[in-house]
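Dear colleague,

I am passing on the structure we spoke about, so that you can look at it alongside my notes. Please open it first and read the rest of this message with it on screen.

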Amino acid sequence: MKKIALGVAVALSLIFKVNEASAVAPTSQCRYTSDTKVVSGIKYVCLYYKGKSTWISVPKIKLSKINQYEKTKLKAYNEIRKQISNTEPKNIKLKFFISDNFPKDLRAKYIAQINLATRAYDQFFAPETPMNVYFQTEKDEAFIDATPILFRQKQDFADFLNYFGQNNRTHQVVGLAATFSEYTGKTEGHTGVLASSRTNGKNVTFYSEQVVPHEYFHVVQDYFKYKRDQVGYPGGRDEYETNYRPIFREGSANTISTALAMDSFESYLLFYRALVSENKGEGAWPPFNTLTNKSNVVSTLKLMELTSNDSAIGFTQFVLGSLVFEWLIAQYGFDAYKKLIYNQSLNINFEDNLKLSLGIDSNQLYNLSANHVLQAFKIKK
Ligand SMILES: [Zn+2]
């Protein structure tokens, strides 16, 4: 009997090894950019451009063998994950508004993401802060129209109500609410996403895995600029962005949400690898294809300070911003980053906030983080 059992064990281990060695990237066409597939336990993400599908993955990491770029990433990842408290949240009071039309598996996944993010974000809020969480679909327009905070922002996601209604772009999940503000006389947090009623967890992008904690983090940011928001920004978008620079507002929200959404360091590396790969080469925003030396990284970051500098600045702030703030959190620690969030309440512009919180100016921030950005962009597709 023993011999037979041993034989089975050997056979199993051989099969396992064969599987491991023969794990090759999928050859199928992807359905969309940021499509995912798991082959022999390895996650692949697809890059899709002009009819060509390229599946990328990150092999199992040996922490003793990682390079400087990965070390910085690991440090930031751990710093952010350390914020997930083991104790029950004391301050945030969650209230869910989830449509019956919302895909069931995404509903479970996103509730878990909200609960996890709440453990990290709770430290920022005063006790008894209401936090409204909305998961809605294209079939819920009546609810959206009847909810002032959602109706107010409707122009931001109206296109997706239409796309989803026509069964288009159902692989995308987009922001529905992301604010700390007042309506009906009370200040409350509002966060949430819009998904297609016809999608499910297997049919949405890898990128969308961080959308729930991303939108939620904007509530944290807004909490400390609420009083300033009440005054308004007569200088328009330029004035707003001078206070909350795009790489800080959107980029650092991505740094935080990506670390919270990726439950392994390999997935975290894969996320960034896909993000950068999608944003270089043919079809990319031209400045991204110049990121082969430090001075070009610095000048690109300067260009991105105001959206009015270049009409194409949109998604670019997420890409470079998440890398700059990943570096910042690795270098200075999460508590230093928190100062930047808190000091928004002093009604100072981002430049002064940076000097006050970290003792550096923008030029130093750009120059010091440039090498980290360069390493990210060295990646081959
Ligand atoms: Zn955002």
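In what order do the strands of the 4-stranded open sheet run, and what kind of pairing holds there? Please keep in mind throughout that this is a predicted model. The order in that open sheet is 4-5-7-6, and the pairing is mixed. Strand 4 (92-98) and strand 6 (174-183) are the edge strands, and because each has a single partner strand, one side of each is left without a neighbour in the sheet. From one strand to the next the twist averages 15°. Strand 4 and strand 5 (residues 129-136) run parallel and are joined by 7 bridges, and within strand 5 it is Val133 that stands opposite Phe96.

Two helices lie across this sheet. Helix 3 (residues 104-121) lies across strand 4, strand 5 and strand 7 (186-194), and runs at about 165° to strand 4. Helix 6 (residues 154-165), for its part, lies across strand 6 and strand 7, and runs at about 145° to strand 6.

The other sheet I looked at is also open, with 3 strands in the order 1-2-3 and antiparallel pairing. Here strand 1 and strand 3 stand at the edges with a single partner strand each, so one side of each has no neighbour in the sheet. The twist in this case averages 30° from one strand to the next. Helix 11 packs on the sheet, where it touches strand 2 and strand 3, and its direction makes about 10° with that of strand 2.

The pairings within this sheet can be followed residue by residue. Strand 1 (residues 36-39) pairs with strand 2 (residues 42-49) in the antiparallel sense over 4 bridges, and Val39 stands opposite Ile42 in strand 2. These two strands form a hairpin with 2 residues between them, and Ser40 in the turn has a positive phi of about 50°. Strand 2 in turn pairs with strand 3 (residues 52-56), again in the antiparallel sense, over 5 bridges, with Tyr48 opposite Ser53 in strand 3. The hairpin of strand 2 and strand 3 has 2 residues between the strands, and in it Lys50 takes a positive phi near 45°.

Turning to the domains, the chain is divided into domain 1 (24-57), domain 2 (61-85 + 240-381) and domain 3 (88-223). The C-alpha centres of domain 2 and domain 3 lie 24 Å apart, and 14 residues of domain 2 are in contact with 15 residues of domain 3. On the side of domain 2 that touches domain 3, helix 10 and helix 11 (265-278) each supply at least two residues, and the largest share, 8 residues, comes from helix 10. By class, the residues of that side of domain 2 divide into 8 nonpolar, 5 polar and 1 charged.

How do helix 7 and helix 10 cross, and at what angle? The axes of helix 7 (residues 211-223) and helix 10 (residues 246-261) come within 8 Å and cross at roughly 125°, which means that helix 7 is oblique to helix 10. The crossing in which helix 7 passes helix 10 is right-handed. From helix 7, the residues Pro213, His214, Phe217, His218 and Gln221 meet Arg249, Ala253, Asn254, Ile256, Ser257, Leu260 and Ala261 of helix 10. The residues of this contact divide into 6 nonpolar, 5 polar and 1 charged.

A further helix pair is formed by helix 2 (residues 68-81) and helix 13 (residues 316-332), which pack at an angle of about 75° with their axes 8 Å apart. Helix 2 is therefore roughly perpendicular to helix 13. In this contact Thr72, Lys73, Lys75, Ala76, Glu79 and Ile80 of helix 2 meet Glu326, Trp327, Ile329 and Ala330 of helix 13. Sorted by class, the contact of helix 2 with helix 13 has 5 nonpolar, 1 polar and 4 charged residues.

With best regards

Terms used: Residues are numbered from 1 along each chain as its sequence is written. This is a predicted model: local features need pLDDT of at least 70, side-chain atom pairs count only at pLDDT 80 or more; totals for chains, interfaces and linings use all residues. Axes are lines fitted to C-alpha atoms, for helices over the stretch in contact, and angles run from 0 to 180 degrees between N-to-C directions. Angles under 35 degrees count as roughly parallel, over 145 as roughly antiparallel, 65 to 115 as roughly perpendicular and the rest as oblique. A crossing is left-handed if the near helix is turned anticlockwise from the far one by less than a right angle, and right-handed if clockwise. Two residues are in contact if their C-beta atoms, placed from the backbone, lie within 7 Å. Ala, Val, Leu, Ile, Met, Phe, Trp, Tyr, Cys and Pro count as nonpolar, Asp, Glu, Lys and Arg as charged, and the others, Gly among them, as polar. Domain bounds come from an automatic or database domain assignment. Two strands pair if DSSP finds at least two bridges between them.
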